[in-house]
Amino acid sequence: MVWIKVASAQELSNDEAKTVDVAGYGVALYRIDDEFFATDSMCTHATALLSEGYVEDGCVECPLHQGRFDIRTGKAMCAPVTVDLRTHAVKREGDHIYVLSPAGK
Ligand code: FES
């Protein structure tokens, strides 16, 4: 397993998200209450990037059909989403944010 440096902490404010590349895999990185979390970037319902969604109360709302996911657990919270998101381990070292590579590369 490899930790990939994906961002600096100052790149995201609280309740913001961005898509980052983790060994060729698109991951949505979020900042909530000064903690960082990561999920798959693609919604499980259709083709939409969750990093372009609305982040509030620890959830992200998909920009396409407004399905919501719990960012910490990936749990699908309301229709039309029914399939949970995969989450990814995140660590912070100083100003650097790392995500554990989902590909194990
Ligand atoms: Fe995300 Fe439909 S694409 S809710």
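**Ground rules.** I number residues from 1 along each chain as its sequence is written. The model is predicted, so local features need pLDDT of at least 70 and side-chain atom pairs pLDDT 80 or more, while totals for chains, interfaces and linings use all residues; side-chain values use heavy atoms, without hydrogens and water.

**Cores.** I looked up the nonpolar cores (buried Ala, Val, Leu, Ile, Met, Phe, Trp, Tyr and Cys joined through side-chain atoms within 4.5 Å). Buried means under 20% relative accessible area, with a 1.4 Å probe and protein chains only. The largest core has 16 residues. Y30, C43, L50, V55, V60, F69 and I71 touch the most other members. Strand β3 (residues 25–32) gives the most to this core, three residues. Strands here are DSSP E runs of at least two residues, numbered from the N terminus. A second, separate core has twelve residues, including A7, L12, V27 and A38.

**I71.** I listed its contacts (heavy atoms within 4.5 Å), leaving aside neighbours within four places in sequence. Among them are Y30, F37, V55, G58 and T87.

**G58.** I found G58 in the loop between β5 (54–56) and β6 (59–61). G58 is buried, at 3% relative accessible area. G58 touches I32, F69, D70, I71 and R72, not counting residues up to four places away in sequence. Its C-alpha is 9.4 Å from that of Y30, 28 residues apart along the chain.

**Rings.** I noted the charged end of K91 over the ring of Y98, 5.4 Å from its centre. The test is NZ of Lys or CZ of Arg within 6 Å of the ring centre and within 35 degrees of the ring normal.

Note on methods. Helix = DSSP H or I, 4+ residues; strand = E, 2+ residues; numbered from the N terminus. Buried < 20%, exposed > 50% of the residue type's maximum accessible area, 1.4 Å probe, protein only.
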